[in-house]
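Visitor: I am new here and would like a short tour of this structure. Could we take it step by step?

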Amino acid sequence: MNFSELFKLSGLLGKFSPDGKCLVWSLEQPDWHCKIDEGSAGLVASCWSPDGRHILNTTEFHLRITVWSLCTKSVSYIKYPKACQQGIAFTKDGRYMALAERRDCKDFISLFVCSDWQLLRHFDTETQDLFGIEWAPNGCVLAVWDTCLEYKILLYSLDGRLLSTYRAYEWSLGIKSIAWSPSSQFLAIGSYDEKVRILNHVTWKKITEFEHPASITNPKTIVYKEVEKSPSVETERLSFPRRALASSLFSAQSKYDISQVPVSLQYVKPIADRANPKIGIGMLAFSPDNCFLATKNDNIPNAVWIWDIQKLKLFVVLEQLGAIQSFQWDPLQPRLAICTGNSKVYLWSPAGCVSVQVPMEGDFQILSLCWHSSGDSVALLSKDNFCVCYLEREEVK
């Protein structure tokens, strides 16, 4: 495991391009770089187009989206983007983009062809205040969910037809996060009631739900607990190669112990009279092989829950020393990278888990991370800097 030098960053806006060749700079041509200035319009969000040839910038107050071509240097503009958590979604094949819009106090979806940014479809949605959109990986279904004040998720076809509507309950805070399985067979919905509900792709009905209690009692559930350790501890017991840990011996270390159940996890009581209470399922993601689902319950902030999707049971819980800031699966194998706001990166696979210290001078607090499409490296992002961690590929048996 090796690390690059630190590079400057602002607003955690760092991500590999879809073809894996760029991250603001070209990784193949270090002298090539690009700088985009939105001028007085300001910048609140930026993302790559699937072909890696365009950058989409959202201006302040969501006045417009500017599409910049890195090849022709041409500029296109898209009006009326809605100011919501996740208002842009691309199909996995990169052919289409869905955009959430707000016009005349009503929500709409516009579908664009990414090759020339021409409008393909435009339709209104049955939402009170649309909060997010997400394509199924097969590009056939678009999930649209409403504000947390109303539990509602709607499923639309590519031609704008409403396929189904799902509501789990009423008169309480509703949907907080969603995730599609890579096969498009399952849709996981994380809610403020601390549960994840799994819908199937045939009837769009619930097939199971996962609860997140503060006490783990099932003896078949493996609980890894992060503990501090001295640098002299032997590394033979760890599941990852020692050469991958060489750089982690420069400073204070941590390791994982296996806890005996029952285990009580650190529970934080949410402050109910404040906006955006720290409660419910704030993060969830499927592994690329459809075998696992990783989740985080915001009022148990230090734990990552890993569910076995084949058995529909809890498989592993990782209890960290700090609050989970971000996690993301390796795009090619069931390997989960986690960060907790310190200078360590944590990796879990079915073989075990490991804590690795990033050998950087100064205070490098990792708040987010992003895998390269090859799975051979991961970008580690702090508030003002980022570095790239290069991993040796392990064969999944």
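Visitor: Is Q320 buried or exposed?

Guide: Welcome! This is a predicted model, where local features need pLDDT of at least 70, side-chain atom pairs count only at pLDDT 80 or more, and totals for chains, interfaces and linings use all residues. Residues are numbered from 1 along each chain as its sequence is written, and side-chain values use heavy atoms, with hydrogens and water left out. Buried means under 20% relative accessible area, exposed over 50%, and partly exposed in between (1.4 Å probe, protein chains only). Since Q320 has a relative accessibility of 3%, Q320 counts as buried.

Visitor: Which side chain does the side chain of Q320 make a polar contact with?

Guide: Q320 lies in the loop between strand 28 (313-319) and strand 29 (326-329); strands (E, at least two residues) and helices (H or I, at least four) are DSSP runs, numbered from the N terminus. A polar contact is a pair of N or O atoms within 3.5 Å; within protein, one must be able to donate a hydrogen and the other to accept it, and residues adjacent in sequence count only if both atoms are side-chain atoms. At 3.0 Å, the partner of the Q320 side chain is the side chain of E226.

Visitor: How many residues apart in sequence are the parts that F292 and W348 tie together?

Guide: Rings of Phe, Tyr and Trp (its six-membered ring) pair if their centres lie within 6.5 Å; planes under 30 degrees apart count as stacked, over 60 as edge-to-face and the rest as tilted. The structure holds 14 aromatic pairs, and F292 with W348 is an edge-to-face one, with 5.5 Å centre to centre and 85 degrees between the planes. F292 lies in strand 26 (residues 292-297) and W348 in strand 31 (residues 344-349), so the parts tied together are 56 residues apart in sequence.

Visitor: Are F292 and W348 buried or exposed?

Guide: F292 and W348 belong to one aromatic cluster with F315 and W329. F292 has a relative accessible area of 9%, so F292 is buried. With 1% relative accessibility, W348 also counts as buried.

Visitor: Which residues are closest to the centre of the second largest pocket?

Guide: That pocket has a volume of about 450 Å³, and its lining divides into nine nonpolar, five polar and four charged residues. Of the 18 residues that line the second largest pocket, the closest to its centre are K176, N276, K278, G282 and D298.

Key:
On a 1 Å grid over the protein atoms alone, a cavity is a set of points where a 1.4 Å probe fits but cannot get out, and a pocket is an open set with protein on both sides within 12 Å along at least five of seven lines; lining residues have an atom within 4 Å of a point. Grid points are joined across faces, edges and corners, and a volume is the space filled by probe spheres set on the points. Ala, Val, Leu, Ile, Met, Phe, Trp, Tyr, Cys and Pro count as nonpolar, Asp, Glu, Lys and Arg as charged, and the others, Gly among them, as polar.
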